[in-house]
Amino acid sequence: MTHFNSGIFFSRFLTSPKKLFWFYIFMNLIPSICLMFTEPFTFTGKMALLIFPAGLYLILFSLKKNTGAMQLFLLPLLVFHAFQLVLFYLFGEAVIAVDMFLNVATTNVSEAGELLDNLWPAIVAVCLLYIPTIAIAVITCKRKIQLPASYRKKAVVIGGVLLLLSFGLTFVARNKNTGHFTVCEDVYPANVIYNLGFAINKWHNSQRYPDTSKDFRFKAEKHDYAPLREIYVIVVGEASRAENWQLYGYSRPTNPKLSREPGLILYEDAITQSNTTHKSVPLILSAASAEDYSVIYSQKSILNAFKEAGFTTVFLSNQIPNRSFTDFYAEEADFHHNIRTPKDGGLITINNFDEAMLPLMQHYIDSLPGNLFFVLHTYGSHFNYKERYPASFSIFKPDNATGVKAENRQQLINAYDNSILYTDDFLHRTIGILRNTSATSALFYTSDHGEDLLDDKRKRFLHSSPNPTFYQLRIPVFMWFSDNYRTTFPKKVQNAADNSTKPVATNAAFHTLLDAASITTPYLDTDLSLVAPKFKTVKRMYLNDHDKPIFFYHAGLKKADREMIEKRGMQH
């Protein structure tokens, strides 16, 4: 009898144009309702989050007699809704950011597979919500269930009033993070459509980089030559956070070799200027910064500056090519080698460990004469952590988490710590290669960004969230100098040590390396060089989702993040 009654109810529902009308509106409003509970807006802002889309959907679903046909026409909007709800599951807040769209464009099958395996609860949920919605739309579209014209006219009027009301609310609403409030940046789904357009334009500009930068010259010159050949190396880490480094006070011995490395200069208070790889790495390898990001489209990378100064440049990578600025920079090198290649010509890549770059580094040192500059782009601690290190580094156990769940947190941390332990060995061996050359050499290490590991009640995981966290911002940075470098350029080494307690950000890498190699160029800012006596302590900026600089302390950090910043004594 119950099944019979349910069947009658469903049958009546499918033939009721008014019920279907409100059903479609409600299903489209679900993300907006969720955002009311997650976004840092004033009460009027939260009201605008609901009133604007409600008015918009009332008008849209009144444009056609057959509301099912309109829902099918708005299928791309359902895709946005599904994406948004998965984002809630992953980060617990914020709308689909520009960086989210670009991450989709720059990811690959291997990385996507590792992540999607842990997003299945959210994927199942959105399927349960929106596949039936689509099915109902198809059925009612075929049956030509039509909404009365008089009802549609009333809905359009009500929708128009709600849109006007929401527009008025924007003048008194406020986003507590940014201090302002606009429809295109703060109200769903207008902001997602705006972000998509922003991402498309940004992608187009980045793909034009080879043309827009082809005539650029650093006018770089080398001064103060050392008596022996010079070799400079920058190692770019991946998703390595300072919080899990023994060198930064972590209780576990994750840096047993680097902690015994003589002369290592550690920068105690370092942050990244972006929590997403496709922006953070170019900020490290170019003169661009959060404060002046637009120059990235017209200026070349640090590899060209070294080339102009007479160095042979080598770019070694364990990252998958993703058509980003990093790939363009790699192609600017004299020699470029990527060890993470597609398996059997397919879409899945071979999982090589970072150490596979070291024989190549040794080969180029042995076979190339003169001064050398290396970029080593590691895979470091990229999720899935268990895949980032050989079995011999499985020290902290158990480390084979079956999924990203609160109950698996210790396993995830164990695997992550093992990846840091492996990074420690990789960096120690890299330094060993430089030491054994007897060259005048220096190494600069920085991670591109940090990582969330279900650290507090927010249960945040991974990185690239629309709003960063303390754990994504605070990163390890250090420098190492060979004995010959210390003898030849003692003042630079002393300056590097003197600046070790000052607050730094990743935009210091470009200027520090050029200054360390005694390369001059109009684009060198010694105020940002860690080997310069006048390195300046300034307010550190973060590059937000719309490529605007914002003081990192105001970049959407929550109370838990600020408490950690205070606890670690970071300057802000």
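**Entry 1: two helix pairs**

I started with α2 and α5, which are roughly parallel to each other. The model is a predicted one, and I kept that in mind throughout. The axes of α2 (residues 17–38) and α5 come within 9 Å and cross at roughly 30°. That angle falls under 35 degrees, so the pair counts as roughly parallel. I also noted the hand: α2 passes α5 in a left-handed crossing. On the α2 side I listed Met27, Asn28, Ile30, Pro31, Cys34, Leu35 and Thr38, and these meet Leu77, Leu78, His81, Gln84, Leu85 and Phe88 of α5.

Next I checked α16 (residues 357–367) against α17 (residues 409–437), whose axes come within 11 Å and cross at roughly 15°. That makes α16 roughly parallel to α17 as well. From α16, the contact uses Met357, Leu358, Met361, Gln362 and Ile365, while α17 brings Phe426, Arg429, Thr430, Ile433, Leu434 and Thr437. Here the crossing of α16 past α17 is right-handed.

Back by α5, I looked at Gly92, in the loop between α5 (75–91) and α6 (98–106). Its relative accessible area is 41%, so I wrote Gly92 down as partly exposed. Leaving out residues up to four places away in sequence, Gly92 touches Thr38 and Leu87. Thr38 was already in my notes as one of the α2 residues that meet α5.

Is Ser500 buried or exposed? I found 12% relative accessibility, so Ser500 counts as buried. Ser500 lies in the loop between α20 (490–498) and β12 (504–505). With residues up to four places away in sequence set aside, Ser500 touches Ile265, Leu266, Tyr267 and Glu268.

**Entry 2: rings**

I got a count of 42 aromatic pairs. One of them is Phe325 with Phe328, edge-to-face, at 6.4 Å centre to centre and 80° between the planes. Both residues sit in helix α15 (residues 325–332), three residues apart, or about one turn of the helix. Phe325 and Phe328 are both buried.

I also followed a cluster linked by ring pairs: Tyr232, Phe306, Phe311, Phe373, Phe481, Tyr485 and Phe489.

Then I looked for charges over rings. Lys539 lies over the face of Phe551, 4.8 Å from the ring centre. Arg562 lies over the face of Tyr553, also with 4.8 Å to the ring centre.

Which residues does a cis peptide bond join? I found one between Phe383 and Asn384, with omega about 10°. Asn384 is in the loop between β7 (372–377) and α17. Another cis bond joins Lys397 and Pro398, with omega about -5°, and Pro398 is placed in the loop between β7 and α17.

Last, I checked phi. Lys219 is not a glycine, yet has a positive phi of about 55°. Lys219 belongs to the loop between α12 (209–212) and β1 (221–222), and at 63% relative accessible area Lys219 is exposed. Arg323, not a glycine either, has a positive phi of about 65°. I placed Arg323 in the loop between β5 (312–317) and α15, and its 43% relative accessibility makes Arg323 partly exposed.

Conventions. Residues numbered from 1 in each chain as written. Predicted model: local features only at pLDDT ≥ 70, side-chain atom pairs only at ≥ 80, totals over all residues. Heavy atoms only, no water. Phe/Tyr/Trp six-rings, centres within 6.5 Å; stacked < 30°, edge-to-face > 60°. Helix = DSSP H or I, 4+ residues; strand = E, 2+ residues; numbered from the N terminus. Buried < 20%, exposed > 50% of the residue type's maximum accessible area, 1.4 Å probe, protein only. Lys NZ or Arg CZ within 6 Å of the ring centre and 35° of its normal. Contact = heavy atoms within 4.5 Å. Axes fitted to C-alpha atoms, helices over the stretch in contact; angles between N-to-C directions. Parallel < 35°, antiparallel > 145°, perpendicular 65-115°, else oblique. Left-handed = near helix turned anticlockwise from the far one by under 90°.
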